[in-house]
Amino acid sequence: MDKHDKYEAVKQAWFEINEQLRNNKQEYIDYLKFSAKMYKQPYSDAVLVFQQDRNATKIAEYKKWGRLGRYVRRGSHGVAVFGKNHTCRYLYDVTQTGGKELPEMWTLTDRNTPELLNTLNNRYNISAGSIKECIEAMTANSLNSAPIAESVQNAISQMGLDTKQAEIYRHSLDSVVQFVVSQRCNLSGKIDLHADVDVSALDLIKNARDMILFSRAVQHAAKDTLFEIEKEVIAIDRKNEALDNAKTAKQESTSDRVDDILQDLIKLKFSQEQILALKQAVVAAAQNGEHNIRHWVSVRYSPDELRHISSLLSDYYAQSVIEQTLDPKGILNDYYTYVNELNGRLKLSDMFSHHDYSDEQKAMLQQGFSEGISITVLNEVDERLTVDEIKTFFEMFHQAVDGQIDPHDVQIYLDKAVIEHSKKNVQAVEAQDNSVDTNSIGIVKGEKSFAEQVDDVLAGNANRYNDLKVCDTPQILLDVGCEQLPMFYTKRHLHDALKPKGNTGESIHYHGLNAEQIKKMPMLLENPVIIYDSLSRNDSIIIVTSELDNEKMPIIAAIKPNGKAKYDLELVESNFVMSFHGRNNFENQINRAVEQNKVLYYNKEKSQELFSVLGLQLSKGLNILDSDIIIHRSRNIVKGTQQENIEYKNNSVTQQDKKIEPSRIIGLAENQLRPAVPNSSTSSITDSSGVVKSEKTFAEQINDVLNGVIHHKFLWISAVIGFLCCIRKGI
């Protein structure tokens, strides 16, 4: 028999079995019992297997058995079912195979049924008193799901059923699905799930087409319901098996687990007093099969705090497994509420360590935290603000969140307060001894070395108003296009660079370096391995150094030429060090820089040594570049109103200067977007929010943006307030 004839034979068998089931209710009930074991198969596969081999229990194609570690015995004849493009597929029963043993089929038992009932009731928001009622509710939900409900309605419409007939049809469909699900769940025969089945829909079905539509809906709804039950039963059985293994395994006694937990706490640097405070929790966790409790506690909690946590955990573990899952006493909620409060206080403490707040300022900030103001907002409160100014800021912040005032008013208030304090400080600086020797930008020539400044920061003795001066711009950076400016690095970047690396929240900006590595920054900048234009920003360059971090990743410095730094409350011109950290995916970064013609300089000898230490081969693209010379000047460095536009042809460089014409933008904007403002040197025109319109013209503001001179420290406040307003309004 050729393929076409075989396919035609399957079609004929398909028609015959549907007619046979339509005309024989007992035969159809026998099929339903059979199909319960085949619920993962499509209806056509299940019914054709039923026709040809009613003893089958687990079926799959030849290749699928191979993937399961089993083989189909030679001479076995598969059941022919529909394939793609008018071809046939062949299914083989497990009895026709050999090889790796398969796991037992899941079923409901006296042990897993109670927990399953509780789980399904909670997960699917039903209140069934028995597993039978639970199945009834779940099958009803499945039949009401969009795809099945639509197909059932289409079938009713095509059959031309009236309202009463449609009700009989739907009731019968629901009964049949429940029957199939119950048959599969009670595979062991140990659970009382006896259910009568109503197959009266067959009296309304007049042809094979309608029989197929009805049976497909049954198979689809039963499959969806059983998939959900199977998932929960397997999870419960695995948990029970793990508990059984933990209780019976000779090598896993409670005392062994206590030792494991204690050793883990010691590794985490918990003190003896802290460990003693956790005694209750350690014993309770060990009795419940735990080998550590690190996910419950932190080494930063005090003994008294840990003692309270230990009491909560002991009460939690004293519950049964089901009670722990449902937690009817709300112990977990008490635990998380308490721990969240502790962690908030720790974050506040960390914030204080980065600022030089007075005790009065700290008390006010703690009050703001207790009122629900986030650490992110509090962290930006300037140390120069008085307690009254901070209090006013909090009041305005809450008013803005409630929609009572414009968020910009909060921003304007902070800007003005900081500017006023800055003016006072400048006046104090100007009143100092004029004999102090300073350079052209006002920085004292007799300044401390970068290493000394780092030590001062770590000792808490640094000038709060100054960024750290790293060095003057090295000659190599002048050669790639930088101007001769001092290079600065912020205290906050320093603190973040020293913190252990993390993967979430603010910790993604922590770099895990040590102080000695950071102190080498001036020397490393002067002797780079590679310099290239940033791949992610068009205003910065990257310096690859010969230093490695503790994860053996090359340390790089991201530099913003012609940036700004803070010195004595003023912004000074600077080639600014934006970041100093270990670079992951280093090889890929270098290859991309070569491909995009962004490499400005590389030293072949240092590069070979670095790549060798990293266990990498120097890329071919890098290897063909000229070593220890400036390959080309940076295209990411903007000077004044001129930007370099460099074209590269056959390794030759031609430079064309293209002038930026902000006046064209300014003219268009001022003529079309802004109302006329009378020129006056004596009067100020303000808008509704109190912003002085005559402070700067729009043209001046455009130039400020282009030159990088713009105050943006508090711009985030409007975004935060806007977000909180959306939450309040339910948007």
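Ala, Val, Leu, Ile, Met, Phe, Trp, Tyr, Cys and Pro count as nonpolar, Asp, Glu, Lys and Arg as charged, and the others, Gly among them, as polar. With that in hand, the lining of the second largest pocket divides into 12 nonpolar, six polar and 15 charged residues. This is a predicted model, where local features need pLDDT of at least 70, side-chain atom pairs count only at pLDDT 80 or more, and totals for chains, interfaces and linings use all residues. Residues are numbered from 1 along each chain as its sequence is written, and side-chain values use heavy atoms, leaving out hydrogens and water.

**Confidence**

- The protein chain has an average pLDDT (the predictor's confidence in each residue, from 0 to 100) of 82, and 82% of the residues score at least 70.
- Residues 438-445 have a pLDDT below 50, and beyond near neighbours in sequence this stretch has 14 contacts in the model; a contact means heavy atoms within 4.5 Å.
- Over residues 640-694 pLDDT also stays under 50, and here the model has 67 contacts beyond four places in sequence.

**The second largest pocket**

- On a 1 Å grid over the protein atoms alone, a pocket is an open set of points where a 1.4 Å probe fits, with protein on both sides within 12 Å along at least five of seven lines; lining residues have an atom within 4 Å of a point.
- The volume of this pocket is about 1100 Å³, where volume is the space filled by probe spheres set on the points, and grid points are joined across faces, edges and corners.
- Its lining has 33 residues, and Lys40, Lys58, Pro103, Glu104 and Met105 lie nearest the centre.
- Helices (H or I, at least four residues) and strands (E, at least two) are DSSP runs, numbered from the N terminus.
- At least two lining residues come from each of strand 1 (59-61), helix 4 (62-67), strand 4 (88-93) and helix 9 (208-248); helix 9 gives the most, with six residues.

- Ala235 sits in helix 9 and is partly exposed, because its relative accessible area is 41%; buried means under 20%, exposed over 50%, and partly exposed in between (1.4 Å probe, protein chains only).
- Between the C-alpha atoms of Ala235 and Asn112, 123 residues apart along the chain, the separation is 9.8 Å.
- A nonpolar core is a set of buried Ala, Val, Leu, Ile, Met, Phe, Trp, Tyr and Cys residues joined through side-chain atoms within 4.5 Å.
- The largest such core has 74 residues, of which Tyr28, Tyr169 and Ile229 touch the most other members; helix 9 provides the largest share of this core, 11 residues.
- Apart from that core lies another, of 30 residues, including Leu477 and Phe580.
- In soluble globular proteins, nonpolar side chains tend to be buried together.

**Residues worth a look**

- Asn603, in the loop between strand 12 (599-602) and helix 26 (604-613), is buried, because its relative accessible area is 11%.
- Not counting residues up to four places away in sequence, Asn603 touches Pro528, Val529, Ser627 and Asp628.
- Asn125 has a positive phi of about 55° although it is not a glycine; Asn125 lies in the loop between helix 5 (112-123) and helix 6 (131-143) and counts as exposed, at 71% relative accessibility.
- Asn562 also has a positive phi of about 55° without being a glycine, but Asn562 is found in strand 10 (residues 554-567) and counts as buried, at 15% relative accessibility.
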